[in-house]
Amino acid sequence: MAAVLALGPGQAGAAAPALAPALLNSRLHPDPAYTQGLFFDGDNLYISAGLYGRSEFACWSFGALPASAPQQAFRPPGHFFAEGAALAEGEIYLLTWRNETVFVLNPDNLTPARRLPYDGEGWGLGWDGARLWRSDGSAFLRPHRPGDFAPAGPALRVHDDGREVSGLNELEWDPATGLMLANVYESDLVAAIDLSDGRV
């Protein structure tokens, strides 16, 4: 099921407060794929699904869900495990888990424009309007430049009251708060991260 959530305002304090989300809307998930990342662009819902030999990046019309088939899809070669994705400066960047490769796709038809390298694992990807931020399952977010996906600064250590927050996975930028949202793998937690200092 794809869902749209709204988070309440944060509170001052040493440790990050726990906030309760409010469910605004929901649709049945289009298929049982192993979802790695998703984002909206207008009414289009883009979903990245992993697994070797079954990876896919597809576009669905959110208003038409549930639908039996996506509007369009890109399927990388079978030895790639698709992970997080983000739209930045008119192109879609699709990470791979351990292949150290990002596919850059044309958003109009999801055809690959180029492949670019990076060091380490790829889990989630988020765009803050200036840099692409990559998670790798650790407590660090790594910034990249759009275009060539080159490193765009040092890794950012994510922490809550001084303690590292590891397992950072899918990333989504929240322009309303200026925070990067990251789900914490194998938990029901979402961390709202200040990119200026890594504080949750």
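**View 1. N169 in strand β17.** N169 lies in strand β17, where strands are DSSP runs of E of at least two residues and helices are runs of H or I of at least four residues, both numbered from the N terminus. The model is a predicted one, in which local features need pLDDT of at least 70 and side-chain atom pairs count only at pLDDT 80 or more, while totals for chains, interfaces and linings use all residues. Residues are numbered from 1 along each chain as its sequence is written, and side-chain values use heavy atoms, with hydrogens and water left out. With a relative accessibility of 9%, N169 counts as buried, a word that here means under 20% relative accessible area, whereas exposed means over 50% and partly exposed lies in between (1.4 Å probe, protein chains only). Apart from its neighbours within four places in sequence, N169 is in contact with W123, G124, S135, N183 and Y185, contact being heavy atoms within 4.5 Å.

View 2. Strand β17 (residues 168-174) and strand β18 (residues 179-184) run antiparallel and are joined by five bridges; two strands are said to pair if DSSP finds at least two bridges between them. Within this pairing, L171 has A182 of β18 as its bridge partner. Four residues stand between the strands of the hairpin, and G178 takes a positive phi near 75°.

**View 3. The open sheet of β11, β12, β13 and β14.** Four strands form an open sheet in the order β11-β12-β13-β14, with antiparallel pairing. At the edges stand β11 (125-127) and β14 (156-157), each with a single partner strand, so one side of each has no neighbour in the sheet. Strand β13 (residues 140-144) pairs with β14 in the antiparallel sense over two bridges, and L141 stands opposite L156 in β14. As a general point, side chains in a regular strand alternate between the two faces of the sheet.

**View 4. T96 in strand β8.** T96 is found in strand β8 (residues 91-96) and, at 1% relative accessibility, counts as buried. When neighbours within four places in sequence are left aside, the contacts of T96 are F80, F81, E83, T101, F103, Y118 and G122. T96 and G84 are twelve residues apart in sequence, and their C-alpha atoms are 7.6 Å apart in space.

**View 5. Y52 in a loop.** Y52 lies in the loop between β4 (44-49) and β5 (56-61), and its relative accessible area of 44% makes Y52 partly exposed. Although Y52 and F80 are 28 residues apart in sequence, the distance between them is 6.1 Å, C-alpha to C-alpha.

**View 6. The whole chain, for orientation.** The secondary structure of the chain comes to zero helices and 19 strands. Its radius of gyration, taken over C-alpha atoms, is 16 Å, close to the 16 Å that the globule rule (2.2 Å times the number of residues to the power 0.38) gives for 200 residues, so the chain is as compact as a globular protein of that length. Along the principal axes, the C-alpha atoms fill a box of roughly 45 × 35 × 30 Å, and buried residues make up 41% of the 200 residues.
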